[in-house]
Amino acid sequence: MTHTVYIPGDAAAVALGADRVAAAVKQEAEKRGIKIKLVRNGSRGLHWLEPLLEVGTPNGRIAYGPVQVKDVASLFDANFVTGGKHALSLGLIEELPYLKKQQRLTFQRIGITDPVSLDDYIAHDGYRGLKNALGMTGADIVKHVTDSGLRGRGGAAFPTGIKWNTVLNTPSEQKYIICNADEGDSGTFSDRMVMEGDPFVLIEGMTIAGIAVGATQGYIYLRVEYPHAHKALNAALQKAYAAGYLGGNILGSGKKFDLEVRLGAGAYICGEETSLMESLEGKRGLVRFKPPLPAISGLFGKPTIVNNVISLASVPIILDKGGEFYRDYGMGRSRGTLPLQLAGNIKYPGLVEIAFGMTLRELLYDYGGGSASGRPIKAVQVGGPLGAYMPESQFDTPLDYEAFAAIWAVLGHGGVVAFDDTVDMADMARYSMEFCKIESCGKCTPCRIGSTRGVEVITDIIEGRDLAKNVPLLRDLCNTLLNGSLCALGGMTPYPVLSALNHFPEDFGIAGQADAA
């Protein structure tokens with residue numbers, strides 16, 4: 001009898017020793033004459049349990065974790081291949097509360113399938129969305145996406161259906177689909193997990209987008225620091241081409257779509273859509289003036305859809321089950337689900353996919369378990385390095401684009417970084433401004449010069465120099481960055497800076513609560 005053992009090949013699991021554990025399991029099985037099939041699946045996102053080992057049993061998969069090489073022999077002694085009891089046994093993986101309470105739509109296969117097995121993808125409902133799309137007009141496909149209420153998951157939250165409709169209705173002999181896979185925000189990793197754990201879902205989503213708007217060429221602009229994703233994507237692309245899911249005659253439909261991976265330039269600014277297109281064209285990653293919008297004049301001056309990984313990976317289930325199915329999740333104008341990434345000083349870091357509407361407090365405590373240090377959580381930064389620092393008084397805010405906007409915060413890409421009460425928020429504000437200074441492309445003056453002057457002013461405030469002059473000066477400078485920058489890097493840097501100043505004035509040496517921004 002052959003036993004199936006699952007050990008993630010995801011970069012996070014590998015960093016925690018998954019490759020060494022996999023080698024030890026294989027060696028120990030051979031030594032004992034036990035036949036196993038070792039599957040390197042994606043991570044389920046329970047990062048505090050990695051490397052997480054699972055075995056298939058008639059009752060479901062039994063999990064063990066976190067497993068180290070020294071545990072392998074005793075796992076075999078306990079007959080773990082049939083689900084035997086062991087000190088690291090976690091029981092049925094699907095019954096763990098962290099997973100059981102989630103609503104996984106985009107991540108439904110991640111951690112379950114072999115990421116580069118096309119057969120496994122199809123066996124778990126893969127390519128059903130594309131098959132439906134091939135029987136529709138472009139307008140019908142776009143209508144499903146519009147009806148779903150899907151908004152860009154890369155940060156701007158622009159309605160995906162409107163963007164697609166603009167490209168659909170812009171005449172051109174050539175159109176493009178670009179996946180922005182330059183995931184550079186601190187505390188974010190959902191894009192990487194999709195590309196490493198289920199690359200076919202991204203390929204399918206991009207293929208549907210191409211068919212919908214008449215684009216025949218797509219590019220995945222991949223963060224150069226993601227070698228595992230690069231390998232998985234290329235392996236999946238090769239299989240998709242071989243099986244007719246990409247190329248000049250997709251599944252005999254006569255429709256064409258080609259797709260390739262391009263490695264990014266290693267600059268944070270290349271995650272901004274116009275800089276990304278400059279980089280793809282072989283130029284330095286500088287932001288472009290808008291208008292024209294990329295949907296009308298994008299890559300090489302042609303109509304172009306630029307969507308984030310999660311946005312495109314959400315499309316297959318929409319085309320499989322219909323726009324209304326997806327729209328039934330969420331609240332208000334925030335429809336569907338959002339993969340939230342818990343990081344920083346948190347007891348249970350990982351990924352939680354759930355419908356919009358849960359509060360930040362529920363996420364931090366029901367899933368995250370509070371701080372890893374056991375101290376009170378003082379602040380969380382949501383939405384990457386340009387997101388606002390939110391104090392405990394805002395933890396009951398529902399995870400919803402409009403609710404966050406109402407308190408001058410952003411959901412962004414869904415990254416949540418927690419800090420306990422030992423953090424100095426003035427230092428964090430200076431860090432945010434320094435980030436902008438280092439990563440600025442230099443094209444616009446408010447960002448290029450403003451961030452440099454901003455670091456100087458915050459340093460003066462931290463060191464207690466002339467607060468009566470420097471605090472208003474910092475606010476004035478942030479106002480210039482907000483309203484005068486060409487892109488979100490300069491335009492959003494005031495969010496972490498001013499939120500820290502407004503909510504934690506004592507860390508800046510300011511008596512009393514400062515005015516809201």
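These legends describe close-up views of a predicted model. Residues are numbered from 1 along each chain as its sequence is written, and side-chain values use heavy atoms, with hydrogens and water left out. Because the model is predicted, local features need pLDDT of at least 70 and side-chain atom pairs count only at pLDDT 80 or more, while totals for chains, interfaces and linings use all residues.

**View 1. The largest cavity and its lining.**
The count comes to 1 cavity of 30 Å³ or more. A cavity is a set of points, on a 1 Å grid over the protein atoms alone, where a 1.4 Å probe fits but cannot get out; lining residues have an atom within 4 Å of a point. The largest cavity holds about 40 Å³ of space, a volume being the space filled by probe spheres set on grid points that are joined across faces, edges and corners. Its lining includes Cys 441, Cys 444, Cys 447 and Cys 487, together with Ile 269, Val 287 and Leu 489. Ser 440, Gly 442 and Lys 443 also line the largest cavity. By class the lining has 7 nonpolar, 2 polar and 1 charged residues (Ala, Val, Leu, Ile, Met, Phe, Trp, Tyr, Cys and Pro count as nonpolar, Asp, Glu, Lys and Arg as charged, and the others, Gly among them, as polar).

**View 2. The second largest pocket.**
A pocket is an open set of points with protein on both sides within 12 Å along at least five of seven lines. The second largest pocket has about 360 Å³ of space. Of its 16 lining residues, Gly 9, Arg 40, His 228, Lys 231 and Ala 232 are the closest to its centre. Helix H11 (residues 227–242) gives the largest share of the lining, 4 residues. Helices (H or I, at least four residues) and strands (E, at least two) are DSSP runs, numbered from the N terminus. The lining divides into 6 nonpolar, 4 polar and 6 charged residues.

**View 3. Helices H18 and H22.**
The axes of H18 (residues 425–439) and H22 (residues 494–503) come within 8 Å and cross at roughly 165 degrees. H18 is therefore roughly antiparallel to H22 (angles under 35 degrees count as roughly parallel, over 145 as roughly antiparallel, 65 to 115 as roughly perpendicular and the rest as oblique). Axes are lines fitted to C-alpha atoms, for helices over the stretch in contact, and angles run from 0 to 180 degrees between N-to-C directions. Met 425, Ala 429, Ser 432 and Met 433 in H18 meet Pro 496, Val 497 and Ala 500 in H22, where contact means heavy atoms within 4.5 Å. This contact has 6 nonpolar, 1 polar and no charged residues.

**View 4. Helix H10 with H9 and H7.**
H9 (residues 190–197) and H10 (residues 199–213) have axes that come within 5 Å and cross at roughly 100 degrees, so the two are roughly perpendicular. Val 194, Met 195, Glu 196 and Gly 197 of H9 make the contact with Pro 199, Val 201 and Leu 202 of H10. The axes of H7 (residues 138–148) and H10 come within 7 Å and cross at roughly 130 degrees, which means that H7 is oblique to H10. Here Gly 138, Ile 141 and Val 142 of H7 touch Ile 208, Ile 211 and Ala 212 of H10.

Pro 292 sits in the loop between helix H12 (273–280) and strand E9 (304–308).
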